[in-house]
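Me: Could you go through this protein model with me? I'd like to start with what sits inside.

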Amino acid sequence: MMGVRTEQTRSDDQLLDAASKGDGAAFGIFYERHLAAVVAYVRGRTASAEAAADLTAEVFAAALLACSRYRPGEAPALAWLLGIARNKLRETARRERVSANARRQLGLWEIPFAEDDSAQLEALAREGSMVLSHLDQLPEDQRVAVWRRIIEEKNYEGLAHEFGCSQELVRQRVSRGLRSLRARLQDDT
């Protein structure tokens with residue numbers, strides 16, 4: 001096993017290669033190395049800190065899932081990562097437009113983002129790849145709800161339909177799952 005000093009000197013290309021082979025610690029180093037840049041990039045293009053935290057978590061989750069497709073030498077890893085962030089921002093803007101149009105047509109009101117949701121999403125953004133190792137330990141209903149909402153970016157309405165329950169129940173499952181993940185991560189420190 002490499003020492004901390006050796007780990008910190010590995011290049012982004014080496015870290016992403018190791019992460020693509022299942023090395024969560026390598027992705028954790030990559031995450032810590034680039035978190036501030038991603039947060040700054042996303043925060044400068046979003047309306048709120050909550051949205052920035054949510055998008056940052058989505059960017060790193062997408063990067064973790066896509067690290068095997070990263071091609072060293074085509075572009076610096078940070079540029080690749082910010083490209084993912086740019087795509088997530090576009091997807092979010094498109095989803096928000098569609099959602100706003102649908103709510104307007106149906107005469108529905110937007111469900112506000114709860115403060116404790118934002119704190120939990122910020123915790124996800126800070127904790128990076130360690131979250132994934134704890135995700136498997138959650139009860140199945142919470143694990144699936146968190147995975148589908150946070151990693152796969154499904155909306156609450158679609159998840160409620162998929163699970164055959166109310167949006168409120170899906171929100172509770174996601175909230176409880178995120179709360180459990182945060183507690184487990186705090187226990188690790």
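Me: Which residues touch the most other members of the largest nonpolar core?

Reply: Of the 28 residues in that core, Leu16, Phe27, Phe30, Val42, Phe60, Trp80 and Leu81 touch the most other members. A nonpolar core here is a set of buried Ala, Val, Leu, Ile, Met, Phe, Trp, Tyr and Cys residues joined through side-chain atoms within 4.5 Å, and buried means under 20% relative accessible area, with exposed over 50% and partly exposed in between (1.4 Å probe, protein chains only). This is a predicted model, in which local features need pLDDT of at least 70 and side-chain atom pairs count only at pLDDT 80 or more, while totals for chains, interfaces and linings use all residues. Residues are numbered from 1 along each chain as its sequence is written, and side-chain values use heavy atoms, with hydrogens and water left out.

Me: What does Trp80 touch?

Reply: Leaving aside residues up to four places away in sequence, Trp80 touches Leu16, Phe30, Ala63, Ala66, Cys67 and Tyr70, where contact means heavy atoms within 4.5 Å.

Me: Why do residues three or four places apart in an α-helix point the same way?

Reply: An α-helix has 3.6 residues a turn, so residues at that spacing point the same way.

Me: New topic: how many aromatic pairs are there in the whole structure?

Reply: A search of the whole structure finds 4; rings of Phe, Tyr and Trp (its six-membered ring) pair if their centres lie within 6.5 Å, and planes under 30 degrees apart count as stacked, over 60 as edge-to-face and the rest as tilted. The rings of Phe27 and Phe60 have centres 6.5 Å apart and planes at 80°, so that pair is edge-to-face. Phe27 in helix H3 and Phe60 in helix H4 are 33 residues apart, and their pair links distant parts of the chain. Ring pairs link Phe27, Phe30, Tyr31 and Phe60 into a cluster.

Me: Is Phe27 buried or exposed?

Reply: Phe27 is buried, with a relative accessible area of 3%, and Phe60, at 4%, also counts as buried.

Me: And what about Gln142, where is that found?

Reply: Gln142 is found in helix H8 (residues 140–151) and, at 12% relative accessibility, counts as buried. Setting aside residues up to four places away in sequence, Gln142 touches Arg173, Arg176, Gly177 and Ser180.

Me: Last one: how many helices and strands does the protein have?

Reply: The secondary structure comes to 10 helices and 0 strands, and buried residues make up 41% of the 189 residues in the protein.

Conventions: Helices (H or I, at least four residues) and strands (E, at least two) are DSSP runs, numbered from the N terminus.
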